[in-house]
Amino acid sequence: MNNQGKILVIGGGISGVTTAIEASEVGKDVILVEKTPTLGGRVSGFHQYFPKLCPPTCGLEINYKRLRANPHVQVYTNSEVLSVTGDAGEFKVKVRKNPTFVNEKCVACDHCTDVCPSERSNDFNAGMDKTKSIFLPNKMAYPPRYVIDRPTCETGCSKCVDACKYGAIDLEMQVQEFEIEVTSVVVATGWKPYDAKNLTNLGFSSVPNVINNIMMERISSVSGPTKGQILRPSDQKPVETIAFVQCAGSRDENHLPYCSSICCLGSLKHTKYVLEQNPDAKIYIFYIDIRTPGKYEDFVAKVQAEKNVRMIKGKVAKISEGENGNVLVEAEDTHNLTKVHLEVDMIVLATGMESSLRGQEKIAGIELDEYGFVPAELQKIGIFSAGVAKRPVDVNSSIQDSTGMALKAIQTALKN
Ligand SMILES: Cc1cc2nc3c(=O)[nH]c(=O)nc-3n(C[C@H](O)[C@H](O)[C@H](O)COP(=O)(O)OP(=O)(O)OC[C@H]3O[C@@H](n4cnc5c(N)ncnc54)[C@H](O)[C@@H]3O)c2cc1C
């Protein structure tokens, strides 16, 4: 690897992967640091994504192919950046690689999971099912390699070591720390869903069949906990009536005062998922305003035209548990100046995007805004932000922004 003009990218979602590919394909050396055991970020958890409503494989696989073929990108998964010091052109970076206990000899044959006696909550499926303690992070994982969640392992067990004929399991694997020098840094750390437990009137933690929009993506996906059948969690009943609650936490001074810009489209996309499985399903969408920028207006019009979709402008005041697992909604209808009382099978809270850095003061030595984002005005010479690390946006905008930030990172590298 060429020591001159290396670029560090923090975060391996669609934004970080795009930045890394764009910079490296013009010959720059890139170090991509991702904190989880796989690249892909939030997009890998979607059933489909707009504008084309294709599965995540259609975008991610092409990028992974480009990465595999590229000698200029070094990927460190399960890793974190401990510190960035110095100035543009000569940053010193400390990186920690946490052990996965499975090395590069892994061929993902799955024999280890057959013998593993322990289980863990499956974060990829939003905790709705379990995996063995040795697991593949998801079917599209990059690298396609198993990982062991050691705290959940049965004490003293080494059955996976005996079952692996490739010698890929190393229970003694240690933390590694190393230092690198880079000329520029791109922060692409993305987002997490706003914690719906904070919305006490909306029943997320108290009413069994109230889920959030990430859970909706996972239960709609064939690789999800219900193999793609939209079933409500409490009794696995196929969903016939469903309500979506927009701005669950967003545009609310007590939670996220900003608009996440994607949640309306997210719920409109989810109505398509429901109608594909059950064209007779009754769907209600409670909204403050429907915000679908630019070309996405057509998508709203199509969903609005569906005969079983009713869009109600008004805030939901309360969600509570009804009989037989049903969910009760109380809301206002500001167009008709009436109160609405509904009983549905399941409710999806359209929670917004919160910066994955919220709660931290800094990343790579630069300040974050009060919500944990790195907007353009907080960027410094040689340190840039891309995608949702900057502000809540869709995949297309993230990709465009990341391509621009790759160019800025290259320009810093060239000047030094
Ligand atoms: C319900 C819902 C549905 C959506 N559906 C669509 C859709 O259909 N179409 C569309 O265009 N957009 C959609 N979006 C928006 C889409 O998710 C984002 O545009 C996209 O995820 C942005 O990618 P990103 O790489 O910036 O962030 P992320 O996908 O969040 O990736 C960030 C990566 O950085 C890693 N990371 C975080 N912190 C660190 C750290 N400190 N060190 C190292 N790594 C770190 C994370 O593990 C992750 O891998 C949807 C959003 C929601 C809420």
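The model is predicted. Helix α6, residues 263-277, crosses helix α7, residues 297-304, at roughly 40°, and α5 crosses α6 at roughly 30°. Helix α1, residues 14-24, has 11 of its 11 residues buried. Backbone exceptions include a cis peptide bond between phenylalanine 50 and proline 51 and a positive phi at serine 261.

**Helix α6: length and burial**

- The buried residues of α6 are Cys263, Cys264, Leu265, Gly266, Ser267, Leu268, Lys269, His270, Thr271 and Val274.
- These buried residues pack against two helices, α5 (213-220) and α7.
- They also pack against the strands β14 (241-248), β15 (282-287), β16 (309-313) and β20 (346-351).

**α6 against α7**

- The axes of α6 and α7 come within 10 Å of each other and cross at roughly 40°.
- Angles under 35 degrees count as roughly parallel and 65 to 115 as roughly perpendicular, and α6 and α7 are therefore oblique to each other.
- The crossing of these two helices, α6 and α7, is left-handed.
- On the α6 side the contact is formed by Leu265, Leu268 and Thr271, which meet Phe299, Val300 and Val303 of α7.
- By class, this contact of α6 with α7 holds 5 nonpolar residues, 1 polar residue and no charged ones.

**α5 against α6**

- The axes of α5 and α6 come within 11 Å and cross at roughly 30°.
- That angle makes α5 roughly parallel to α6.
- The crossing of α5 with α6 is left-handed.
- From α5, Asn213, Met216 and Ser220 take part in the contact, and from α6, Cys263, Gly266, Ser267, His270 and Tyr273.
- By class, the contact of α5 with α6 has 3 nonpolar and 5 polar residues, with no charged residue.

**Helix α1**

- The buried residues of α1 are Ile14, Ser15, Gly16, Val17, Thr18, Thr19, Ala20, Ile21, Glu22, Ala23 and Ser24.

**Cis peptide bonds and positive phi**

- Most residues other than glycine have a negative phi, and most peptide bonds are trans.
- Phenylalanine 50 and proline 51 are joined by a cis peptide bond with omega about 10°.
- Proline 51 sits in the loop between β2 (30-33) and α2 (57-68).
- Leucine 53 is found in the loop between β2 and α2, and its phi is positive, near 55°.
- Leucine 53 has 13 C-beta neighbours inside 10 Å and therefore counts as partly exposed.
- A cis peptide bond also runs from tyrosine 142 to proline 143, with omega near 0°.
- Proline 143 belongs to the loop between β8 (134-135) and β9 (147-148).
- Serine 261 has a positive phi near 70° and lies in the loop between β14 and α6.
- Serine 261 has 19 C-beta neighbours inside 10 Å; a residue is buried if 20 or more lie within that distance, so serine 261 counts as partly exposed.

Key:
Residues are numbered from 1 along each chain as its sequence is written. This is a predicted model: local features need pLDDT of at least 70, side-chain atom pairs count only at pLDDT 80 or more; totals for chains, interfaces and linings use all residues. Axes are lines fitted to C-alpha atoms, for helices over the stretch in contact, and angles run from 0 to 180 degrees between N-to-C directions. Helices (H or I, at least four residues) and strands (E, at least two) are DSSP runs, numbered from the N terminus. Angles under 35 degrees count as roughly parallel, over 145 as roughly antiparallel, 65 to 115 as roughly perpendicular and the rest as oblique. A crossing is left-handed if the near helix is turned anticlockwise from the far one by less than a right angle, and right-handed if clockwise. Two residues are in contact if their C-beta atoms, placed from the backbone, lie within 7 Å. Ala, Val, Leu, Ile, Met, Phe, Trp, Tyr, Cys and Pro count as nonpolar, Asp, Glu, Lys and Arg as charged, and the others, Gly among them, as polar. A residue is buried if 20 or more other C-beta atoms lie within 10 Å of its own, exposed if 12 or fewer, and partly exposed in between; C-beta atoms are placed from the backbone.
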